[in-house]
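The exercises below are meant to be worked through with the sequence and the model side by side. Each task is followed by a solution that goes step by step.

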Amino acid sequence: MKHLDRYVESASRSYLSHRIQDELISALAKKVRKEITNFVKKAKHFTILLDCTPDVSHQEQLSVILRYVNIDESEVSIQERFICFQAVKDSTRKRLSTKIESILEEEELDLGNCRGQGYDNGANMRGLYKGVQALILQKNSKVHCMPCRGHNLNLVLGDISKSSSLQIHFLLIKYA
């Protein structure tokens, strides 16, 4: 039991300490991410989907999802898998594109095999000439951008609700 001495808190031995739990969660997360990236590598081509949102502590978080085509012996399916949250201190286009590249490098995925990129409607993300989209396109011209339909719908509904009270009433009755 000497190998557990570094995890001992007070005088009791417990496998439920926060350190042990954190190590187990971290090890499992690493294993799951490795399995996902193995599937992506097997598929070869993939799409990267990203969104930035603040967490409860107002720290900007980048969520990263990979989309790929999984081909089994009898079934072909499109898979989307969450890879990670990454804290982002600066959400400029340069920093975000560098962050994307480092995540792909960390997962041992080649940006050259990326065929799509999907972002929210922020100018820093999808700007054709100045956004993250443009910087990624400079590195790989085969990465087509697909704007997020959910964000587009949200913007449309927001604009509709601002246009008249009749529209708000319609939306509340129709979708309540």
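A residue counts as buried under 20% relative accessible area, as exposed over 50% and as partly exposed in between, with a 1.4 Å probe and protein chains only. The model is a predicted one, in which local features need pLDDT of at least 70 and side-chain atom pairs count only at pLDDT 80 or more, while totals for chains, interfaces and linings use all residues. Residues are numbered from 1 along each chain as its sequence is written, and side-chain values use heavy atoms, with hydrogens and water left out.

**Exercise 1.** Determine whether K94 is buried or exposed, and locate this residue in the fold.

Solution. Begin with the element: K94 is found in helix α2, where helices (H or I, at least four residues) and strands (E, at least two) are DSSP runs numbered from the N terminus. Next, apply the cut-off: K94 has 54% relative accessibility and therefore counts as exposed. Finally, look across to L135, which is 41 residues away from K94 in sequence but 7.6 Å away in space, C-alpha to C-alpha.

**Exercise 2.** Work out how α2 and α4 are oriented to each other, and which residues meet between them.

Solution. Axes are lines fitted to C-alpha atoms, for helices over the stretch in contact, and angles run from 0 to 180 degrees between N-to-C directions. On this basis α2 and helix α4 (residues 132-139) pack at an angle of about 50°, their axes 8 Å apart. Angles under 35 degrees count as roughly parallel, over 145 as roughly antiparallel, 65 to 115 as roughly perpendicular and the rest as oblique; α2 and α4 are therefore oblique to each other. As for the residues, R93, K94, L96, S97, I100 and E101 in α2 meet V132, L135, I136 and K139 in α4, a contact being heavy atoms within 4.5 Å.

**Exercise 3.** Decide whether S63 is buried or exposed, and list what this residue touches.

Solution. The residue S63 lies in strand β2 and has a relative accessible area of 16%, so S63 is buried. Leaving out residues up to four places away in sequence, S63 touches L49, L50, D51, F82, C84 and F85. As a setting for this result, 7 of the 9 residues of β1 are buried, and 31% of the 176 residues of the protein chain count as buried.
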